[in-house]
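The sequence and the model come first, and the description follows.

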Amino acid sequence: MFRKRLDGPAATVTVSVEGHPVHVPAGASAAAAFLLAGLPSIRETPGRNTPRAPYCLMGTCYDCLAEIDGTPNRQSCMVTVTEGMRISRQHGKRHPDLT
Amino acid sequence: MRQFDAIVIGGGLVGAAIAYGLARAGMKPALVDEGDIAFRASRGNFGLVWVQSKGLGAPHYQRWTRRSAEEWPVLAKELFERTGVDVGHERPGGLHLCLSEQEFADRRARMEQMRREAGNFGFHYRMLGHDEVADMLPGIGPAVVGASYTDYDGHANSLNLLHALHRGFTALGGRYFPNRTVIDAVAAPRNFCIGGDLAAQVVVLAAGLGNARLAPVFGLSAPVEPQRGQILVTERAGRVFNRPTTTVRQTLEGGIMIGDSMEDVGFNTGQRPAVMAAMARRAALSFPWLAELQIVRAWAALRVMPPDGVPIYDESQRFPGAFTANCHSGVTLAGAHAHVFAPMVAAGALDPILTPFSARRFDVPQAA
């Protein structure tokens, strides 16, 4: 049912998911990179600490929140991978830096 | 024709609180509501249970607000016991931040007038300097000159409040009729028919902006106008502070709400980036660390504003049994609506303490 677009980019970029290098097609989202890495969950919810993984992949459900290049709580499905991007799991709430 | 003890028109916070209060007082009420198309300020508000600046020049409104804030902890507790819904009420005291010496001086004058007008009833406030504010609200910026503070202020989860009032109302035997914009209403003394099939001896108009159109049918007047407010909400963050301010507060869930804009744009719920930017700028001046957080949601809603900003409560002279309630503070006044106003309606007449709130105040010609 699903095929890769033939006109899609052929190049790959390498990103880091929880410290592991992952090769993904250029133009893919950070959430796709995370799914390719095969980890069971990308975040724990801020309220009840339940594990979640990317779900809607279109910017609506907020279940793919991750820390990307040091910025917490980013919607990883809406971020396109770049070479060397660092993607880490989001643990619950963000903790603001008051200093 | 289905007969009820009372029919409340409007299922937002004002109508739901009154309907809940009527059911709690032993009546069998019906609550007639619009659907998702309703303007529904109750779904757009900021969630303050706010006292310190309400009722300047109108001491009866100041007292009414204070009374509601006193009822709030009781209402929150009983709603939780009845429905299992936690409305998240906290009353740690609240602040109004001042970002210039001029704002601070103006605020001091305003608070002092509130204290004078409170008379023997009392009104305790403090004007805090920058360092005292910093002790209460970690992470304030150097732009904060000071703040006014009172113990009376608090906040709550207003969506949960609306949910809990509806749950409590139906649990007490009230009947809810959604998706029924009231077009046809027939009024006679202590005999009202709504929508052709619901009848009661008592009717309460709590339809927000819709009251302006409905009130004349019942021999009442509710000259309310829309005033748009916009809100920004950040991603959830660990709890930084629990004390609300007039423009920035952190919810129990962690999101930080930024609000308090006012625009007169008619029935327009659109958003305006210039206003949103001004709100964000002031919030970031107050709390510089906020600038790093992401805004995840923003919306606009319409306040229900009487001409003088003071609520309108009335009972119809022409059609006894018809009452109306109009205000822009459905959250703050929920305690008074459920626990004070509704029992008056159930008893058949408004108490004289509500006489100054009558819309008849707009009929008096201004003295030259």
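Two residues are in contact if their C-beta atoms, placed from the backbone, lie within 7 Å. Helices (H or I, at least four residues) and strands (E, at least two) are DSSP runs, numbered from the N terminus. The model is a predicted one, in which local features need pLDDT of at least 70, side-chain atom pairs count only at pLDDT 80 or more, and totals for chains, interfaces and linings use all residues. Residues are numbered from 1 along each chain as its sequence is written, while chains are lettered from A and ligands numbered from 1 in the order in which they are written.

**Helix H5 of chain B**

A residue is buried if 20 or more other C-beta atoms lie within 10 Å of its own, exposed if 12 or fewer, and partly exposed in between. The buried residues of H5(B) include Leu161(B), Leu162(B), Leu165(B) and Phe169(B). They pack against helix H1 (13–24), strand E3 (29–32), H2, strand E9 (175–177) and helix H8 (334–347) of chain B. The expected span of a helix is 1.5 Å times one less than its number of residues. For the 14 residues of H5(B) this gives 20 Å, and the end C-alpha atoms are 20 Å apart, so the two values agree. After H5(B) comes Gly173(B), with a positive phi near 100 degrees.

Axes are lines fitted to C-alpha atoms, for helices over the stretch in contact, and angles run from 0 to 180 degrees between N-to-C directions.

| Helix pair | Angle | Distance between axes |
|---|---|---|
| H2(B) and H5(B) | about 60 degrees | 9 Å |
| H2(B) and H8(B) | about 85 degrees | 7 Å |

Angles under 35 degrees count as roughly parallel, over 145 as roughly antiparallel, 65 to 115 as roughly perpendicular and the rest as oblique. H2(B) is therefore oblique to H5(B) and roughly perpendicular to H8(B).

On the H2(B) side, Leu79(B), Arg82(B) and Thr83(B) make the contact with H5(B), where the partners are Ala164(B), Arg167(B), Gly168(B) and Ala171(B). For sorting such residues, Ala, Val, Leu, Ile, Met, Phe, Trp, Tyr, Cys and Pro count as nonpolar, Asp, Glu, Lys and Arg as charged, and the others, Gly among them, as polar. The contact of H2(B) with H5(B) has three nonpolar, two polar and two charged residues.

In the other pair, residues of H2(B) including Trp64(B), Trp72(B) and Leu75(B) meet residues of H8(B), among them Ala338(B), His339(B) and Val340(B). The contact of H2(B) with H8(B) has eight nonpolar, three polar and two charged residues.

**Pro311 and Ile312 of chain B**

Pro311(B) is in the loop between strand E17 (295–305) and strand E18 (312–315). It counts as buried, with 27 C-beta neighbours inside 10 Å. Ile312(B) is in strand E18 of chain B and is buried too, with 26 other C-beta atoms within 10 Å. Leaving out residues up to four places away in sequence, Pro311(B) touches residues including Pro306(B), Asn326(B) and Phe357(B). With that exclusion, the residues touched by Ile312(B) include Pro306(B), Asn326(B) and Phe357(B).

**Chain A**

Nine residues of chain A are in contact with 13 residues of chain B. On the chain A side they divide into three nonpolar, three polar and three charged.

Most residues other than glycine have a negative phi. Tyr62(A) has a positive phi of about 60 degrees and is partly exposed, with 17 other C-beta atoms within 10 Å. Asn73(A), in strand E6 (residues 71–75) of chain A, also has a positive phi, near 60 degrees.
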